[in-house]
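I opened this notebook to keep track of what I looked up. The entries follow in the order I made them.

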Amino acid sequence: MGVALARAAQWTAAGSGTGTLETTPLNKALLNQIVQFVEDFSTKHPQEAEFVFREPLEWKTQLDSSVFGEGYEINEAAVQSQARGKDGQPLLILSASTLRVRSFDQLSRLLRIAMEEKLKEAQACLEANRDPVVKILGPEYETVEEDMSILQLFDKMKKESDLETELKMKIILLLHQLDLQLLNSSLKQISQDVRLNPAAVNNEVNFLKNFSGQGEDTVLESLDYISDYMFSNGCRAPPWRQVHGEICYLVVKPHDTDPLCITCSTAGVFLNGGLLKGEDIDYERKSDLYKDIVTFLRERSPRFVENIAKQEYSFFKEPAHEKNYQNMEGAENSGQSQSLYDLKGKTEYEKGTSSSAGPSGQRLKPYMKWKSSGLSASQRSRGSKA
């Protein structure tokens, strides 16, 4: 669970920290799978469900004492489970809107009690416990890094041979299997959500540059990449950001707003947190997600909308960029491929030409040979914490 949360889930702040899970189809799919896993845990693995966590999972809940019934002691707004650990402490405590849960059995019961609020409770729990494996099994079982396989963890655990260690082995295997399931499903979801690729972004940037400058009718003052370095897959984002689907970063200067720092990703275009010292970027998403740069700018700059209408003939005269957009499933129905053609309704060009995107398909593959890219370990570390 920890690996999937760290690498697959989409957080408002990258890396470690107090970020929250974004409201995205991918996160919703991950949450549903985690909820299903936990709900079924006490039925499928009754012995492991009784295992008492090293530390309680603790979070702020929206539930109140009225939803609890049989198996719980209720005293006004406070709730305690009748089930207790060897230390005599309740395995679930609700006090002043704070929940503390110490076993999978109580987690399963809680999600069933929460009913239609179960996804919200699961999200609140995961946001407050970014590496739940540490709380469940202890700090020695912190999220497995790339250089430490699950087999090495088993070797480490086999040095002890009591019942508790055996239960830990079973639990960590179950959590590892859940991680694999979550990572596989996230890859499928990401492959379905790809809307842009590096070639499409580059063509749109070059296209807009042709209509940018100081002139009265230009659509933008300027549009520039933050980084001139391009990897072999066409991306200008650092490798640790390519893993999140990010392609490049742009500084856009409209005529009528402050400069905008934007991220172009396989899922779309959004406003990021802007430039920090040097060439560092605050990668956190600060806006809604838009299907392309033009759609983003139409929401931000009235002058852009006005001047792009003046350039309409020129835009329609050079439709080659359209070929680079992904032909997404259902795109023809949803109109996602008409990014530069929906400026003023139907034109003669549209009447005679299909608006569906061109090539079927190559998917963006993150550039994984970062070790040979000349980037220092400190740069990678800084980027991953952004």
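Ground rules. I am working with a predicted model, in which local features need pLDDT of at least 70, side-chain atom pairs count only at pLDDT 80 or more, and totals for chains, interfaces and linings use all residues. Residues are numbered from 1 along each chain as its sequence is written, and side-chain values use heavy atoms, with hydrogens and water left out. Helices (H or I, at least four residues) and strands (E, at least two) are DSSP runs numbered from the N terminus.

Entry on the sheet. I found an open sheet of four strands in the order β6-β7-β8-β9, with antiparallel pairing; two strands pair if DSSP finds at least two bridges between them. The edges are β6 (222-225) and β9 (268-271), each with a single partner strand, so one side of each has no neighbour in the sheet. On average, neighbouring strands are turned by 25° against each other, direction ignored. I then looked at β6 and β7 (residues 246-253), which pair in the antiparallel sense over four bridges. D224 stands opposite V251 in β7.

Entry on the helices at the sheet. Helix α9 lies across β6, β7 and β8 (260-265) and runs at about 150° to β6. Helix α11 packs on the sheet as well, touching β7, β8 and β9, and its direction makes about 150° with that of β8. Angles here run from 0 to 180 degrees between N-to-C directions, and axes are lines fitted to C-alpha atoms, for helices over the stretch in contact.

Entry on the helix pair. How do the axes of α9 (residues 198-209) and α11 (residues 293-300) cross? They come within 10 Å and cross at roughly 50°. That makes α9 oblique to α11, oblique being what is left after under 35 degrees (roughly parallel), over 145 (roughly antiparallel) and 65 to 115 (roughly perpendicular). The contact (heavy atoms within 4.5 Å) is made by E204, V205 and L208 of α9 with I293, V294 and L297 of α11. I noted five nonpolar residues, no polar and one charged; Ala, Val, Leu, Ile, Met, Phe, Trp, Tyr, Cys and Pro count as nonpolar, Asp, Glu, Lys and Arg as charged, and the others, Gly among them, as polar.

Entry on α4. Helix α4 (residues 104-114) is mostly covered, with eight of its 11 residues buried. Buried means under 20% relative accessible area, exposed over 50%, and partly exposed in between (1.4 Å probe, protein chains only). Among the buried residues are F104, D105 and Q106. Just after α4, M115 takes a positive phi of about 55°.
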